[in-house]
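Here's a quick tour of one protein chain, written for someone new to reading structures. Take a look at the sequence and the fold, then work through the points below.

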Amino acid sequence: MLRGEVDLSTSVQLQQTFDALAAEGAGRVVLDLRGLTFLDCSGLRRILALKEAIGDRLVLIRGDRSVQVVFDLTGTGALFETVDA
C-alpha cells in the first residue's frame, strides 16, 4: 500500500520499487492507492511506466477522490483495471 504523498521528491523511490517488480517478472501487481493523500503528475508518470512494463498484470485499488481526480483529469483512468477495496 502506498501512503502519504507521491510527488516529485518521492516518485524516484517509487520508480526503484516498480523497476524491481518488473525485473523480477512479478505476476499480478495490485497497487493500493487508498493510503495516498496526494498524487501529482510525476507519480502518475511512474504508475504509467509500470503499466507499460507489466501490462495487464497491474491492478489499482481506487484511492481517495483527491487521488482519483488525477486519473480523471488526464484521461488515463481507462488504461487501468481499477477495483474498489
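Helices (H or I, at least four residues) and strands (E, at least two) are DSSP runs, numbered from the N terminus. By that rule, this chain has three helices and five strands. You're looking at a predicted model, where local features need pLDDT of at least 70 and side-chain atom pairs count only at pLDDT 80 or more, while totals for chains, interfaces and linings use all residues. Residues are numbered from 1 along each chain as its sequence is written, and side-chain values use heavy atoms, with hydrogens and water left out.

**Overall shape**

- Starting at the N terminus, the order of elements is β-α-β-β-α-β-α-β.
- The C-alpha trace spans about 30 × 25 × 20 Å along its principal axes.
- The radius of gyration is 12 Å, which agrees with the value near 12 Å for a compact globule of 85 residues. That radius is taken over C-alpha atoms, and the globule rule is 2.2 Å times the number of residues to the power 0.38.
- Contact means heavy atoms within 4.5 Å. Of the contacts in the chain with a separation of 6 or more, 75% are between residues 24 or more positions apart.

- Buried means under 20% relative accessible area, exposed over 50%, and partly exposed in between (1.4 Å probe, protein chains only). Of the 85 residues, 40% count as buried.
- A nonpolar core is a set of buried Ala, Val, Leu, Ile, Met, Phe, Trp, Tyr and Cys residues joined through side-chain atoms within 4.5 Å. In soluble globular proteins, nonpolar side chains tend to be buried together.
- Here the largest nonpolar core has 20 residues, and those with the most contacts inside it include Leu 31, Leu 39 and Phe 71. Among the elements giving it two or more residues are helix 1 (11–23), strand 4 (58–61) and helix 3 (65–74). Helix 2 gives the most, with four residues.
- Apart from neighbours within four places in sequence, Leu 39 is in contact with Val 6, Leu 44, Ile 47, Val 67, Val 70 and Phe 71.

- Leu 50 is found in helix 2, and counts as buried because its relative accessibility is 1%. Beyond residues up to four places away in sequence, Leu 50 touches Phe 18, Val 29, Gly 55 and Leu 58.
- Ile 61 lies in strand 4, and its 13% relative accessibility makes it buried too. Its C-alpha is 14 Å from that of Leu 39, 22 residues away along the chain.
- Gln 15 sits in helix 1, and is buried with a relative accessible area of 15%.

**The largest pocket**

- On a 1 Å grid over the protein atoms alone, a pocket is an open set of points where a 1.4 Å probe fits, with protein on both sides within 12 Å along at least five of seven lines; lining residues have an atom within 4 Å of a point.
- The largest pocket has a volume of about 190 Å³, where grid points are joined across faces, edges and corners and the volume is the space filled by probe spheres set on the points.
- Of its 13 lining residues, the closest to the centre are Met 1, Leu 2, Arg 3, Val 6 and Leu 14.
- Helix 1 gives the most to this lining, with four residues.
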